[in-house]
Amino acid sequence: QVQLVESGGGLVQPGGSLRLSCAASGSIFSIDAMGWYRQAPGKQRDLVAAILSGGRTNYADSVKGRFTISRDNAKNTVYLQMNRLKPDDTAVYYCSAGGSTGDTYWPGSFGQGTQVTVSS
């Protein structure tokens, strides 16, 4: 069992930046890959970014060039640096631990989520 705790959400103006953090605990040896999802009101939960074994990353088209996912294995923490934020980025962001098949990430567990609101 893996426990995930997100932090770093909040209110930011359009064009601003936020960094989300996700601390993993429990059966962390089982974690092959990690990702960030988001879910806006009335919409499905979508994958935003994933970091796979060997440090390979992939991103949703809507955030490419603005968001960066990274992982600190020594701290069992994954980050999501979000720059040039837009109102459409407003959502609850969920950290995920899982695995990968080729370049495809698949989730195993989720954190409780952290709210990101982009508004002036």
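Read along the sequence, the chain follows the pattern β-β-β-β-β-β-β-β-β-β-β, which comes to 11 strands and zero helices (helices, H or I, of at least four residues and strands, E, of at least two are DSSP runs, numbered from the N terminus). The radius of gyration, taken over C-alpha atoms, is 13 Å, close to the 14 Å that the globule rule gives for 120 residues, so the chain is as compact as a globular protein of that length; the rule is 2.2 Å times the number of residues to the power 0.38. The model is predicted: local features need pLDDT of at least 70 and side-chain atom pairs count only at pLDDT 80 or more, while totals for chains, interfaces and linings use all residues. Residues are numbered from 1 along each chain as its sequence is written, and side-chain values use heavy atoms, with hydrogens and water left out.

Along the principal axes, the C-alpha atoms fill a box of roughly 40 × 30 × 25 Å. Of the 120 residues, 42% count as buried (buried means under 20% relative accessible area, exposed over 50%, partly exposed in between, with a 1.4 Å probe and protein chains only). Among contacts (heavy atoms within 4.5 Å) with a separation of 6 or more, 55% come from residues 24 or more positions apart.

A closer look at one residue is a friendly way into the fold. Gly54 lies in the loop between β5 (46-51) and β6 (57-59). With a relative accessibility of 83%, Gly54 counts as exposed. Gly54 and Tyr105 are 51 residues apart in sequence, and their C-alpha atoms are 13 Å apart in space.
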